[in-house]
Structure formats: C-alpha cells, structure tokens
Amino acid sequence: MNNTRRGTVSFGLGLFCLLLGGFLPLHAVAAESGAAAQAGGKPFATVFRIRGDLTASGGGSERKLREGDVVYVGEKVRAPALAEAVLKTDDAGMVAVRPGTEFVAERFAAEDKPTDSFSVRLLTGSLRVISGWISRTNRSGHNIVTPSATIGIRGTDHEPYVLSAELAKATSNKEGTYDKVNRGGTTMQVGDNKLDIDAGKVGFVRAPAPPPKENKSGFRERALLTLLMPVLLDKVPNFYVPGEFDAELDRYSQTADQESQKQLEQRRKSPPPPAPVAPVAPTIAQGAVSPAPTPAPVAAPAPAAAPVIATAAGCEPTSIAKTWLGQLDGAIVKRNANGIVAMFAPDAAVRATVRGSEGKMTSVDISREELAKSTLVAMKGLTDYKQRRVWTEGKPLAAACDRIGVRSVVIEQGRQSGKPYRFEALEEYVIELRAGKWLSIKAETTQQ
C-alpha cells in the first residue's frame, strides 16, 4: 500500500477503534448476541429515560424499547442519530446511550460477590457510564471493551467513545477509542500497556489495522511500540457534547457513590433469595448430542526456502543494521523526536502490533506524518527510558547492498505519562540507502 492510499484509509474510510484488550470481529459479536438474547434471559438494565426509537435485538428478533423495559445480557442495543436513553443497572449504576451508538452487554452480575461483573462491548458511538456498587465488589470485573482497547474503572463517571470513520473525517479527529473522565478515574489498556486517566482528562488509542500482508521478502509492516502507546490528549475533542438527560445525570453523579453504597447495604440486610435448582443434564437417550471426534492434526507444509541474493563485495549488513539501530536508539534516549522521524523515508510504511488480554494481536498502520505527530506526543510524556537489544541481524535484500532487512529483539522500559511500562518486542525493518543515507521504508514491531 503506498503512502497516498494509506492516508486515504486512515483519514477517510479508516477502520477505527483502537487496540486491543478484548478484540472480537463484529460478526462474532453479532452471532454471540443473537444466541444470548432470549426472552427471560439474564437482565442487564432497565430503561429509565428514553427519547426516540431505540431498539434491542437478539435471537433473530428486534424490539422497540420503551421506558420501563428490561434490556437483557447479550442483546444488541442500537440508538439511531436522533435517539438516546438512560439505562439503570441493578447495582445503582447508570448507562446513558448517546445518539448513533451500538453496544452489547456481554456480562452482568450484581450479587454482592467477588464474581460480580459489568462488561459492555461498545461497537460504535458513545456511552456515559456512572458506575454502581460493582465497582467496589469487583473492580477488575467492571470494564468497557472496544475494538481497540479495554477500559477499566476506579469509581467512575466516564464517557467512552468509539469514533467512526465518517465522524472522524467530519470533525478532523483520528479514528479510535476515546475516554473522557468526569469523575473518579479509568485505566485504558492496550495489550500489556496501561494508561491511567484522571478526572478532567481524555485518553486516546488508535484504530486497529487489517491483518498484515507479507511482501515477497516475508516482511510485515508495523512500528515502534514505545511511540504508539495510549496517550492523554491536551483538550477535550469537539465531538463530545452533552445529551438531553445530562443535567439529571450530573446531579445523580454527585451522590452516586453514596446511593449505590446505600442500596448495597440494604441488599445485605435482606434475606438471600432461594438457590436455583440446577437442571438435569440430558442423557444421550434423551437427545443429548455426543461430541464429535477430534480430527487428527494435519502437518503444515514446509516453508519455501528464501531466495539467495548474491551481494556486493564488502557488504556487511549486520554491521550496517547495528549502526542504524544505534542512531535510532540514541535519538529515543535523547527524546529527539525530529531525529527519530528523520530516520524514516517520506513513503515509509509503519505498523504497530500488540497482544491483547485474550492473546489476540491487533495492528495500527500510520503514515510518516502521523508517526511524526505520535512521536512528538510520546516524547513529551516519556521519561526514564531504557532499552537493551538482545540480538540484531541484517540481511541484504538486493545485490547492490543498498537495501537491508533488519531484525532485532529489544527490551524497553520507562515511564509514559508518569506510568511505568516494560515489554519485549521483535523489531523488523527494511532500510534503504537513499542519497547516501540509510532510511527505513518499512517498520514492524511484534510484542512478545
């Protein structure tokens, strides 16, 4: 993909929503919601306020929501452009559904147990979430999952936002996951990288890229993880606007902690409900289906041998690779953002890939211009940076020794916006000799 095309994808039709935490393809979410949303299923919340035609769908059917209706776990809730609502959960929490929003409540349990949970997968649009007493009984089980990040809470009133490609273009913002904290705090997580967001601040993570494609050399495009971590924005983006019910929510937020604690104490004083009777598992004679036998593993075909390139005499690719990486590392240590960007060609293809909490990999593509902006932001908050390269190798990709493939394993650590981080990554570059200077035309980092 050339630089012009990549810019079109990023700013025009881009894939949106940032990295990772619990990434699932949208078609998988739809299938899951259809199977889970059955009449009489586990309740998630009750419609407290509503304006316009919101719907809840699941199990192959769709229904229009009205005040007092119950939304069930597994149902997909959709608010069109002129509709919004406020849902009230059983732990005294509130979920305001903004116009143009789709989400699925994946888990909810408010039983005053360590297993209490509140998990919402935000597909697009925005919610305002005022946490209830689940934030105290099981804080780690209270989260918002987007296609690019997982957002945890710390006793919170916050507004996660998955910005669509069209709205990103219309408002001159980046596609991705945003989170504005009104009260308390949240933690935005991308793979193993975490960023704490305090009241009055907004965090941002870029949208994931499509699965990487290999070129003839077997090289995949990615970028430096250190420069592409979640960041705090300098100001609140212009697409954050209050909803029709926000004045009421503002008042509730001031006493939400006390109200939820009061309800929790009342619950603890009430007699426990009778234990449900466990259903009897059907036998094979009653119609149970026996599991299918596991097929024998099929051996993967052996990889094709890499072509051998006859190089020019005196070519020392590993030495060139180490020198180039030494210059890059030196620029990072000195927090020289301009020096970092200058080591990448104007048409460089850059991609970062990180591992999510479920072990899945998600990637972000950026242009050199975006790399420059990301680097400037990252350098502002980067302190105590240290790195160690475990090994480095270079291989010629052309007979004239003017293009070299670089591979290196690096361990990086430091503080980003005051928060410590550490990771190990495999970095891969293609560097090319242009006008007497080695420039990276492709870059990839895989978090190990």
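Asp112 is partly exposed, with a relative accessible area of 27%, where partly exposed denotes values between buried (under 20% relative accessible area) and exposed (over 50%), computed with a 1.4 Å probe on protein chains only. Asp112 is located in the loop that joins strand 8 (101-109) to strand 9, and its phi is positive, about 60°, although the residue is not a glycine. The structure is a predicted model, in which local features need pLDDT of at least 70 and side-chain atom pairs count only at pLDDT 80 or more, while totals for chains, interfaces and linings use all residues. Residues are numbered from 1 along each chain as its sequence is written, and side-chain values use heavy atoms, with hydrogens and water left out.

A positive phi, of about 70°, is also found at Ala92, again not a glycine. Ala92 sits in the loop between strand 6 and strand 7 and, at 0% relative accessibility, is classed as buried.

The protein contains eight helices and 23 strands, taken as DSSP runs (H or I of at least four residues for helices, E of at least two for strands) and numbered from the N terminus. Of its 448 residues, 49% are buried. The accessible surface amounts to about 21800 Å², with 55% belonging to carbon and sulfur atoms; these areas come from the Shrake-Rupley method with a 1.4 Å probe, and for residues only the protein chains shown count as cover. Among contacts (heavy atoms within 4.5 Å) between residues at least 6 apart in sequence, 66% join residues at least 24 apart.

Helix 5 comprises 24 residues (246-269) and reaches 33 Å from its first C-alpha to its last, close to the 34 Å expected at 1.5 Å a residue; the expected span is 1.5 Å times one less than the number of residues. A kink of about 60° is centred on Thr255, the bend at a residue being the angle between axes fitted to the seven residues ending there and the seven starting there. The buried residues of helix 5 include Asp246, Tyr252, Ser253 and Leu264. Its buried residues pack against strand 6 (84-88), strand 7 (94-97), strand 9 (117-130), helix 3 (134-137), strand 12 (157-163) and strand 13 (176-183).

Helix 6 (residues 317-333) has 17 residues and extends 24 Å between its first and last C-alpha, close to the expected 24 Å. Pro317, Ala321, Trp324, Leu325, Leu328, Asp329, Ala331 and Ile332 are buried in this helix. Viewed down the axis of helix 6, its buried residues fall within an arc of 155°, so they line one face of the helix; the arc is that of the directions from the helix axis to the C-beta atoms. Lys322 and Val333, on the other side of helix 6, are exposed. Ser319 belongs to helix 6 and is partly exposed at 37% relative accessibility. Ser319 and Thr392 are separated by 73 residues in sequence and by 9.3 Å in space, C-alpha to C-alpha. Just after helix 6, Arg335 adopts a positive phi of about 55°.

One disulfide is found in a search of the whole structure, defined as a pair of cysteine sulfur atoms within 2.5 Å. The bond links Cys315 and Cys401, whose sulfur atoms are 1.8 Å apart. Cys315 lies in the loop between helix 5 and helix 6, and Cys401 in the loop between strand 20 (382-396) and strand 21 (403-416), so the pair ties together parts that are 86 residues apart in sequence. The torsion about the S-S bond of Cys315 and Cys401 is about 60°, so the disulfide is right-handed. Cys315 is buried at 18% relative accessibility, and Cys401 is buried at 10%.
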